[in-house]
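I opened this entry to record what I looked up, beginning with the protein surface around the DNA and ending with the fold.

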Protein chains: 2
Amino acid sequence: MDRKTATIQDVARVAGVSTATVSRTLSKPSVVAESTREAVLSAVAETGYRINSTASNLRRQRTGSVIALIPNLANPFFSQILAGMSSVLAPAQLGLLVADTQTGTDPEARLADFLQSGQADGLVLFDGTMSPGALDLPGRPPVLMACEWMGGDLPSIRVDNARGAEMAVAHLADVGHRAIGHVTGPPGNVLTETRLSGFQRGLTRHGLQARADWVFGGDFSMDSGAAAARRWLALDDRPTALFCASDEMAIGFMGAVQHAGIRVPEDLSIVGFDNIDVVAHLTPALTTIRQPRTVIGVRAAELLVDMIDAGSLTGPSEVVEVEFIPRKSVAPPRAARG
Amino acid sequence: MDRKTATIQDVARVAGVSTATVSRTLSKPSVVAESTREAVLSAVAETGYRINSTASNLRRQRTGSVIALIPNLANPFFSQILAGMSSVLAPAQLGLLVADTQTGTDPEARLADFLQSGQADGLVLFDGTMSPGALDLPGRPPVLMACEWMGGDLPSIRVDNARGAEMAVAHLADVGHRAIGHVTGPPGNVLTETRLSGFQRGLTRHGLQARADWVFGGDFSMDSGAAAARRWLALDDRPTALFCASDEMAIGFMGAVQHAGIRVPEDLSIVGFDNIDVVAHLTPALTTIRQPRTVIGVRAAELLVDMIDAGSLTGPSEVVEVEFIPRKSVAPPRAARG
DNA sequence: CTGAAAGCGCTAACAT
DNA sequence: ATGTTAGCGCTTTCAG
């Protein structure tokens, strides 16, 4: 019977109306007469009709989905953001496609591909490593930048990374640390730059000096945090406190120093960045800077949907505030406790 | 100039051939003459033509994407799985849509909606809480179950949860524990059931008894692990070892007991399940059961793509093996050490 | 308020 | 090897 899914034609036949009326009943119910509407609706129920979105999209010159372009899909940091996006896209009848930017060679070509493929009505870009101008393509859909970005004045939502880094340093300085180190993200990443410059500014504001041998290169991963810890352990003159540019690195760092017998926070204070869920349950619980990930996803999606609805390539930019979350991984330095 | 994106017609005109030839050149290059192929290709380059996938999909009666239905998108557990899926779907020219099942009321209605919406050529279901029969819908696309499932013999990929749980118990028993507790997942979840039954079987095999007051109800989250820990702490007669049905609960449990001054593993041994990245960096590093998440994603996608290509609703099922990962959170019980 | 009809851009027979 | 043609299922003028 209903082997094949019903089409709008089937519904029209059953309801004894034209396909146009069926279509109208479904999209703008107010313009059809009460009685016909009922007839159509019951025909829909009877046939089990579901609108074919591919056909609808073709006719309406849209795609019905949005792409989230993420530097590394395996990074759990993005899962909550996706959840936030999904919660606004679903009601807006938009599907959420996800893709990796850093897969394969030449991420920028990949980005260009997505932009021109016409697979999506809009795109949210979470990868700040693309060069400005990578978006200068004719006929591209609206794009929302969801990261720091070297490029121009595209619509964006971003977190105040520099300020977050500064808050971390300020807290460490306030409890008495004068020897403060930093574990950075990967080179060339905008987040790396911004958090590093916030770190340096925080130092300066407190009359402290940045020391090159106290800045450890990382890549946001736990393993890179652990590697930085090994370099810290090898130092003769160690900083007494450390600001890590991501919670993951802080976790790796803390685990590695603890395994080496160092006590946190008695021997070393650590501040992370992100406030991923797990850090509240560590021993000691990690002091960090919170990024509101769900909010980021929600607002990114909302701003993008606005642009799509308006058919505009431009739109507002927003900054979402970070928050300092004090926990147990920071204490005054030994000297200060005397 | 290229304000509007070029259509196949434009390419045909520029190349001086028919649209059919353009289409063929792009899909089956081998059937067109060398010279025409070159003409078409250069016309494509000149016009900047990109195939319109919506139109193509409509014509070919497919959608070009696959949906991953995830119980909770915010759960980082799935990010690596998505990455694995993406790595096989992208080369197969399939987009990856993601959606939550547990959003809103009535997840089964939501599932039915996705199945009948015709939005995807196939679907991977990661949610084992649906009732069997929820998939008995006419005209649905191929579905791959990627979880334990009460229902029938649908194609699936799953992890040997019961065996994993048994391995955990076996290890604890082997080092001398006789008082072994368990923190379960949420009621009604298949994973909960399977891991619980594996736990019980492990106990039995080692001549031990399950004690109702040593089984703590959780919901896989860190907070529920911490809550279970508080109940454990309140016990007069505590188990000396604990198998948690998820790493997250193990983390919550361990953090809470550590904050209460209990030492792991000296006072309490803990085994988790999943091997999420962070547990290797905890202090102590968590002994756990590894689920190969990338492999799960990859195989799930591969099996689904096979079904899609074959146009079949049926296909093989696979079990992927779990692995015991010994680390530092297990030690012999005090009594056994004398 | 409703119907007829013209495509959206593409692909797959079927011819040639 | 290439062109002609007929739609895929839907929405939207334009008439009535």
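I sorted the residues of the surface near DNA strand C by type and got eleven nonpolar, ten polar and three charged. The model is predicted.

Next I asked which residues come nearest to DNA strand C. Of the 24 around it, they are A:Thr36, B:Ile8, B:Ala20, B:Asn52 and B:Ala55.

I then looked up the helices behind this surface. Helix 2 (19-27) and helix 4 (53-60) of chain A each supply at least two residues, as do helix 2 (19-27) and helix 4 (53-60) of chain B. Helix 4 of chain B gives the most, with five residues.

I moved on to chain A as a whole. I noted twelve helices and twelve strands. Its radius of gyration is 26 Å, well over the 20 Å from the globule rule for 338 residues, so chain A is more spread out than a compact globule. Along the principal axes, its C-alpha atoms fill a box of roughly 90 × 40 × 35 Å. Buried residues account for 51% of the chain.

Last, I checked strand 2 of chain A. Strand 1 (residues 65-70) pairs with strand 2 in the parallel sense over six bridges, and A:Ala68 has A:Val98 as its bridge partner. With helix 5 (residues 77-89), the two strands make a right-handed β-α-β unit.

I asked which way the residues of strand 2 point. A:Gly95, A:Leu97 and A:Ala99 point one way, A:Leu96, A:Val98 and A:Asp100 the other. Six of the six residues of strand 2 (residues 95-100) are buried, so I put the strand down as largely enclosed by the rest of the structure.

Conventions
Residues numbered from 1 in each chain as written. Chains lettered and ligands numbered in written order. Predicted model: local features only at pLDDT ≥ 70, side-chain atom pairs only at ≥ 80, totals over all residues. Buried ≥ 20, exposed ≤ 12 C-beta atoms within 10 Å, placed from the backbone. Helix = DSSP H or I, 4+ residues; strand = E, 2+ residues; numbered from the N terminus. Pairing = 2+ DSSP bridges. Right-handed = clockwise from strand over helix to strand, strands pointing away. Near = placed C-beta within 6 Å. Nonpolar A, V, L, I, M, F, W, Y, C, P; charged D, E, K, R; others polar. Rg over C-alpha atoms; globule rule 2.2 N^0.38 Å.
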